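Hello,

Here is the structure for you to look at. My notes on it follow below.

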Amino acid sequence: MIHEIFPVGPLDCNCSVVGDEQTHEAMVIDPGDNIEKVIAVLQQHNLTLKQIVITHAHIDHIGGAAKLKRLTGAPVLLNSNDQMLLKMLDVQASWLGMRPPENTSVDASLTTGDKVIAGSLVGDVLHTPGHTEGSICLYFEAEKTLIAGDTLFAGSIGRTDLPGGSYKKIMESLLGPVLALPDETIVVPGHGPLTTIGEERVSNPFLAR
Ligand SMILES: [Zn+2]
């Protein structure tokens, strides 16, 4: 698997470009900003973009989706419970003192049981509400990798004080589907350094018991 991870936008959202080395099909996860860089990474690996996947509709994760879709024609996939947040992109921009980005249309909703696909690469969708109602994580079992959005960070968890946030729900998501994954699973959080499920299980103050 080709997997490039790089920070985009003023809040350093971790954007992932995931590609199949044989078929050169790819997905981009959380293109919050810096779409020129995203396109350059796709070109560098000779990848054709098949899916734009959004872990949740906060502006730092979805802000560049409309531009990337316009430039590549790839569909945008987002859990439908985040539609309200998507309609509030201009309000979210004002929170950060940013110019509102183009608002993207969503082509399909993703929830538990769905799969995201690029060539032979398959990611299982886990609906993990709490940071937002529509937050999802993507689990690439063969690659032992979890793209966690803002649900889980190295040493912390996503904030739940923004509209749609729920501490009760994020804890249910973490103690349920997320910690059910094997310890060796590499976690790519929405911000900051990578970690593993095993590391967070024992050392994350919100999860260790
Ligand atoms: Zn967020």
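**Notes on the model**

H24 lies in the loop between β2 and β3. Please keep in mind that this is a predicted model. H24 is not a glycine, yet its phi is positive, about 60°. With a relative accessibility of 27%, H24 is classed as partly exposed. N34 is a second residue to check: its phi is positive at about 55°, and N34 is not a glycine either. N34 sits in the loop between β3 and α1 and is partly exposed at 32% relative accessibility. As background, most residues other than glycine have a negative phi.

**Sheet**

β2 (residues 13-19) and β3 run antiparallel and are joined by four bridges. V18 has M27 in β3 as its bridge partner.

**Cores**

The largest nonpolar core comprises 29 residues, and V28, V38, L42, I52, I62 and L68 have the most contacts inside it. The element that gives the most to this core is α1, with five residues. Another core lies apart from it and has 16 residues, including L126, L152, V178 and L207. Leaving out residues up to four places away in sequence, V28 touches C15, S16, V17, V38, L42, L49, Q51, I52, V53 and L68.

**Helix α3**

Which residues of helix α3 (residues 65-72) are buried? They are A65, A66, L68 and K69. Viewed down the axis of α3, the buried residues fall within an arc of 165°, so they line one face of the helix. R70 and L71 are exposed and are carried on the face turned away from that buried side. The cover over the buried residues of α3 includes β3 (25-29), α1 (35-44), β4, α2 and β5 (76-77).

K69 is the lysine to look at in this helix. Its relative accessible area is 19%, and the cut-off for buried is under 20%, so K69 counts as buried. Not counting residues up to four places away in sequence, K69 touches I52, A74, V76, T104, S105 and D107. After α3 comes G73, with a positive phi near 75°.

**Zinc site**

Four residues coordinate the zinc ion: H56 through NE2, H58 through ND1, H131 through NE2 and D150 through OD, at 2.2 to 2.4 Å. Along the chain, these donors follow the spacing H-x1-H-x72-H-x18-D. H58 is in the loop between β4 (48-53) and α2 (59-62), while D150 is in the loop between β9 (145-149) and β10 (152-153), so this pair ties together parts 92 residues apart in sequence. H58 is buried, with 5% relative accessible area, and D150 is also buried, at 6% relative accessibility.

Why is the arrangement around the zinc ion irregular? The four donor atoms subtend angles of 85 to 171°, whereas a tetrahedral label requires all angles to lie between 85 and 135 degrees. For reference, the ideal angle for four tetrahedral donors is 109.5 degrees. Water is not among the atoms, so the site may look incomplete.

Regards

Notes: Residues are numbered from 1 along each chain as its sequence is written. This is a predicted model: local features need pLDDT of at least 70, side-chain atom pairs count only at pLDDT 80 or more; totals for chains, interfaces and linings use all residues. Side-chain values use heavy atoms; hydrogens and water are left out. Donors are N, O and S atoms within 2.8 Å of the metal (3.2 Å for Na, K and Ca); water is not among the atoms, so sites may look incomplete. Four donors count as tetrahedral if all angles lie between 85 and 135 degrees; four count as square planar and six as octahedral if opposite donors are over 155 degrees apart and all others between 65 and 115; anything else is irregular. Helices (H or I, at least four residues) and strands (E, at least two) are DSSP runs, numbered from the N terminus. Buried means under 20% relative accessible area, exposed over 50%, partly exposed in between (1.4 Å probe, protein chains only). The arc is that of the directions from the helix axis to the C-beta atoms. Contact means heavy atoms within 4.5 Å. A nonpolar core is a set of buried Ala, Val, Leu, Ile, Met, Phe, Trp, Tyr and Cys residues joined through side-chain atoms within 4.5 Å. Two strands pair if DSSP finds at least two bridges between them.
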